[in-house]
Amino acid sequence: MADTVLKQYKGFEIKKVVIPVSDEEIDAAMNRIQQHHKEVVEVDRPAENGDKLTLDFTGYVDGEAFDGGAAENYELVLGSHTFIPGFEDQLVGAVAGADVDVNVTFPEKYAPEVAGKAAVFKCHIHKITTERTQSFDELAKSAGLENEAALRDTCVKLLEHQNAAKADKIMETQVRNLLADNYVGEVPEDLLEEAYNDTMEATAKEVGLTGDQLKAQFESSEAFKEALENIKKQAMLRAKGFLALEEIVRLEGLGVSVDDVKAEVARLAKSYELEEEEFLNYVKIKDVENSLTHQKALNVVMENLVVTED
């Protein structure tokens, strides 16, 4: 390939990535649906931990009602420890329509006017509700499907779609690495430093740290030498991959229109629930343009892959 810093960018041979859907994934997806669609039902029995009570209450200290100690139609889940110790325990066993006196002592560290004092809360229970786990057949019918088997089949299709997207992402990463390996030009120091910081930031995010925090840890101890070297290698791949895509843009004469960039800004701003003007306080127009042209360049590479099934 004459007059270019890329040895190759078309005709890469890679193995097709397939991520099969396991029974464990399907079962987990079905269980998530079941947990997320529990039915709230009113019950006619004594209240148990986990039930939700709708109640009125008024609190008294020394026989006088105190500010902030009353509410109407308050929804309280027993066992949630929303109220002070002992309050919810005394409502276990209560029935709808009952009046219950709850006797408690406020903690020492509480509002000064009631801290450490004994109090009685006069409660009236309006109703008791609980969550009922629906059967898979019930869930299927509520979704317009015939039965559990149809619901399971729908889960399989969704998981297959998700796994296919994951597989495509893995193949895309492999292609980006191949592009980086085939880039033989110079890598500017400022670009490499930017790639290093970006890689460090992405790695830090995975463990709940900032890039600066992780960088300080890695660079201060020999124990992290191997991890730091890996970050540097990833940064070099990132930088070379960027330059490779830039070269493909040049070789293929790729570009994007102003309208394309505007549409992408609008899409991204909406995805972050921001106004476009506010979004552009965080992202440069040039970065959006580069992202679009680089995607076109990557599409050229992906369209010319030789994908093997073995």
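## Basis of the description

This is a predicted model, in which local features need pLDDT of at least 70 and side-chain atom pairs count only at pLDDT 80 or more, while totals for chains, interfaces and linings use all residues. Residues are numbered from 1 along each chain as its sequence is written, and side-chain values use heavy atoms, with hydrogens and water left out.

## The largest pocket

The largest pocket holds about 1,400 Å³ of space. A pocket is found on a 1 Å grid over the protein atoms alone, as an open set of points where a 1.4 Å probe fits, with protein on both sides within 12 Å along at least five of seven lines, and its lining residues have an atom within 4 Å of a point. Grid points are joined across faces, edges and corners, and the volume is the space filled by probe spheres set on the points.

Its lining is made up of 30 residues, and those nearest the centre are R176, D198, R238, F242 and H294. At least two lining residues come from each of α3 (148–181), α4 (189–206), α6 (225–252), α7 (258–271) and α9 (285–303), and α6 gives the most, with nine residues. Helices (H or I, at least four residues) and strands (E, at least two) are DSSP runs, numbered from the N terminus. By class, the lining has 13 nonpolar, eight polar and nine charged residues, where Ala, Val, Leu, Ile, Met, Phe, Trp, Tyr, Cys and Pro count as nonpolar, Asp, Glu, Lys and Arg as charged, and the others, Gly among them, as polar.

## The second largest pocket

The second largest pocket contains about 210 Å³ of space, and F66, G68, F106, Y110 and F121 are the closest to its centre among the 15 residues that line it. Strand β4 (residues 64–77) supplies the largest share of this lining, four residues. The lining of the second largest pocket divides into ten nonpolar, three polar and two charged residues.

## Salt bridges

Across the whole structure, a search finds 14 salt bridges, each being a side-chain nitrogen of Lys or Arg within 4 Å of a carboxyl oxygen of Asp or Glu. One of them joins K52 and E75 at 3.8 Å, N to O; this pair links distant parts of the chain, since K52 is in strand β3 (residues 52–61) and E75 in strand β4, 23 residues apart. E39, R132 and E138 are linked in a network of salt bridges.

Two further pairs lie within helices. R176, already named in the largest pocket, forms a salt bridge with E172, with 3.3 Å between the closest N and O atoms, and the two are four residues apart in helix α3, about one helical turn. R176 counts as partly exposed at 34% relative accessibility, whereas E172 counts as buried at 16%; buried means under 20% relative accessible area, exposed over 50%, and partly exposed in between (1.4 Å probe, protein chains only). In helix α6, R250 and E247 are three residues apart, about one turn of the helix, and their closest N and O atoms are 2.7 Å apart in a salt bridge. R250 is partly exposed at 45% relative accessibility, while E247 is buried at 10%.

## The surroundings of T54

T54 lies in strand β3 and counts as buried, at 7% relative accessibility. Leaving aside residues up to four places away in sequence, T54 touches N73, Y74, E75, H124, I125, H126 and K127, where contact means heavy atoms within 4.5 Å.
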